[in-house]
Amino acid sequence: MSELQQQATVWLLKKATGVVGILVIILGAAGVWSYLRDTVNLEGRRQEVMQVLTGERHRLMEARAKVVERKAAEEKERQLETDRSATATRALRTLGELESPLERWFGLGREPQGFAARKTALQKIRAASEARVRQLSEDLKLEDYTIEGLDVAVGKVDRRVGLLQSSEPAVVRYLRAAWERTRTYVLTALAAWLLGPLLGKLLLYFVVAPPVSRAKPIKFSEALSTGVQVSGSSAALD
């Protein structure tokens, strides 16, 4: 192989190597860019779904809180109606004890019409209270079913949130972990780099310079230095 052919071969190899290197760099950069773009887009969609699920969970928890509050009010009312029915029952028993058998059978000695009116009123109160207690008991069962349904819905939302959190891209996860570990040092370094020179100059100008300018001249020796002397010079010709 002649020298010219060798030079041509070397030249072609260099050119081919350069072309391959350029292609590798371009394709690698494009691949990295595409990966990062897809990761960022995926993370954006994941964050959007997270926001929707967080809002849904907040709505469900508010609905559950309202149901729990309503259930507590209904339980309190049921207890009041139960006490009211028990009071009416005790009052009816007391009236029955005050009324003798002769008064019940023949209406002797007392006012049977007054006793009858009281008994009728108390019986109506007891009946209304017992009916209300039954209605409230049915309502409380419905409230329990509603709370169970809301708990199931919240559990489903929590599971979806857990899946989204576990499916966080590795790049985002590592970047977030690195930022959480080093953000103090990074912010401190950036602040020092951006504001350090300015703060140093301000410190020298306002703190160091005033006392230095007001101080006396510095003497390195008590003896006066010799002034400038001018004397003749002789040139040597040889």
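**Notebook: contacts and core of a predicted model**

I began with Val-157 and listed its contacts beyond four places in sequence: Leu-53, Glu-56, Arg-57 and Leu-60. I note that the coordinates belong to a predicted model.

I next looked up the largest nonpolar core, and Val-157 is one of its ten residues. Leu-53 and Leu-60, both on the contact list of Val-157, are also members of this core. The greatest contribution comes from α3, which supplies six residues.

I turned to Glu-81, which I located in helix α1. Is Glu-81 buried or exposed, and which side chain of opposite charge is nearest? I found Glu-81 to be buried, and the nearest such side chain is that of Arg-84, 4.0 Å away. I recorded no salt bridge for Glu-81. With neighbours within four places in sequence set aside, I found Glu-81 in contact with Ser-129, Arg-132 and Val-133.

My last entry concerns Asp-83, which also sits in helix α1, a helix that runs over residues 3–98. I read a relative accessible area of 37% for Asp-83. This residue is therefore classed as partly exposed, since the class lies between the 20% limit for buried and the 50% limit for exposed. I also checked Asp-83 against Arg-126: the two are 43 residues apart in sequence, and their C-alpha atoms are 9.9 Å apart in space.

Technical notes. Residues are numbered from 1 along each chain as its sequence is written. This is a predicted model: local features need pLDDT of at least 70, side-chain atom pairs count only at pLDDT 80 or more; totals for chains, interfaces and linings use all residues. Side-chain values use heavy atoms; hydrogens and water are left out. Helices (H or I, at least four residues) and strands (E, at least two) are DSSP runs, numbered from the N terminus. Buried means under 20% relative accessible area, exposed over 50%, partly exposed in between (1.4 Å probe, protein chains only). Lys and Arg count as positive and Asp and Glu as negative; His and the chain ends are not counted. Contact means heavy atoms within 4.5 Å. A nonpolar core is a set of buried Ala, Val, Leu, Ile, Met, Phe, Trp, Tyr and Cys residues joined through side-chain atoms within 4.5 Å.
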